[in-house]
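Thanks for coming, everyone. Please look at the screen while I talk you through today's structure.

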Amino acid sequence: MSRKVSRRQFLTYTLGGTAGFLASGMLFPMVRYAIDPLLKKGEGGQFHDVGLSVDEITETPKQVQFTVHRKDGWYNPPKGEQMTAWVLKLNGEYIAFSPICKHLGCTVNWNSNPQFKNEFFCPCHFGRYKKDGTNVPGTPPSKPLDRYETKVQDGKLLIGPLVKK
């Protein structure tokens, strides 16, 4: 027993197939555009010279700036991206903290509030961090400051990728 396709069914299948083909032709470039940055490899793991000799680093945090050249999806600034870190020597180890508060992303400063001496202070919501980057209990940030990887090469401090806490 053979079932014959009516003209109406044939037309429905043909138009549906054509519409599906055209839709996939329009959607494929959009999907590719959206996921393309995820398919590209980043340049993670590079260390950057901050122009600071290890002899200049003390137990008092010092703010340093360095330039990172990275391509993030289609964003690739020609002069690089300016980054900042707080650098200090603590228990014989060279440490570089991110200046970004873990509460709302404001910038923390060292010793900027006379009420809280020898602490990193976030002026947005009075977030406080101890010298070792840990958050002070009872203040808004719920996590310690992120740290950059560091290494010493030829007597200079190099700062690497950010290690999120």
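**A walk through the model**

Let's start with Leu27. Its relative accessibility is 48%, so Leu27 counts as partly exposed. Keep in mind that this is a predicted model. Where does Leu27 lie? It lies in helix α1, which covers residues 7–39. Leu27 also belongs to a nonpolar surface patch, together with Met26, Met30, Val31 and Ile35. That patch has an area of about 490 Å².

Now the cysteines. How many disulfides does the count come to? The count comes to 1. The partners are Cys106 and Cys124, with sulfur atoms 2.0 Å apart. The angle about the S-S bond is -105°, and the link of Cys106 and Cys124 is left-handed. Find Cys106 in the loop between β4 (93–97) and β5 (109–110). Then find Cys124 in the loop between β6 (120–122) and β7 (127–129). The pair therefore ties together parts that are 18 residues apart in sequence.

Are these two cysteines buried or exposed? Cys106 is buried, because its relative accessible area is 18% and the buried class is under 20%. Cys124 has 36%, so it is partly exposed.

What about Cys101? Cys101 is in no disulfide. Its nearest cysteine sulfur belongs to Cys122 and is 3.8 Å away. Cys101 counts as buried, at 4% relative accessibility. Cys122 counts as buried too, at 3%.

On to the sheet. Look for an open sheet of 3 strands, in the order β5-β6-β7. The pairing is antiparallel. Which strands stand at the edges? β5 and β7 do. Each has a single partner strand, so one side of each is left without a neighbour in the sheet. As a reminder, strands of a sheet pair through backbone hydrogen bonds, either parallel or antiparallel. Here, 3 bridges join β6 to β7. Phe121 stands opposite Arg128 in β7.

Hold on to Arg128. It forms a salt bridge with Glu119, and the closest N and O atoms are 2.7 Å apart. Are Arg128 and Glu119 buried or exposed? Both Arg128 and Glu119 are buried.

How many salt bridges does a search of the whole structure find? It finds 4. Another one joins Lys102 and Asp146, with the closest N and O atoms 3.1 Å apart. Lys102 lies in the loop between β4 and β5, and Asp146 lies in the loop between β7 and β8 (147–153). So this pair ties together parts that are 44 residues apart in sequence. Lys102 is partly exposed, with a relative accessible area of 25%. Asp146 is buried, with 5%.

One more salt bridge. Lys62 pairs with Glu56, and their closest N and O atoms are 3.9 Å apart. Lys62 has 36% relative accessibility, so it counts as partly exposed. Glu56 has 43% and also counts as partly exposed.

Next, the rings. A search of the whole structure finds 6 aromatic pairs. Take Trp86 and Phe120: they form an edge-to-face pair, 5.9 Å centre to centre, with 65° between the planes. Trp86 is in strand β3 (residues 81–90) and Phe120 is in strand β6, so this pair links distant parts of the chain, 34 residues apart. Trp86 and Phe120 are both buried.

Phe120 has another partner, Phe97. This pair is edge-to-face as well, at 5.8 Å centre to centre and 75° between the planes. Phe97 sits in strand β4, 23 residues apart from Phe120. Both Phe97 and Phe120 are buried. Step back, and ring pairs link Trp86, Phe97, Trp110 and Phe120 into a cluster.

Last stop: the backbone. Most residues other than glycine have a negative phi. Which way does Asn111 go, positive or negative? Its phi is positive, near 55°. Asn111 is found in the loop between β5 and β6. At 38% relative accessibility, it counts as partly exposed. Now look at Asn118. Its phi is near 55°, again a positive value. Asn118 is found in the loop between β5 and β6.

Notes
Residues numbered from 1 in each chain as written. Predicted model: local features only at pLDDT ≥ 70, side-chain atom pairs only at ≥ 80, totals over all residues. Heavy atoms only, no water. Patch = residues over 30% accessible without salt bridge, like charges linked within 9 Å, V, L, I, M, F, W, Y side chains within 5 Å. Areas by Shrake-Rupley, 256 points an atom, 1.4 Å probe, with all protein chains shown as cover. Salt bridge = Lys/Arg side-chain N within 4 Å of Asp/Glu carboxyl O. Helix = DSSP H or I, 4+ residues; strand = E, 2+ residues; numbered from the N terminus. Buried < 20%, exposed > 50% of the residue type's maximum accessible area, 1.4 Å probe, protein only. Disulfide = S-S within 2.5 Å. Pairing = 2+ DSSP bridges. Phe/Tyr/Trp six-rings, centres within 6.5 Å; stacked < 30°, edge-to-face > 60°.
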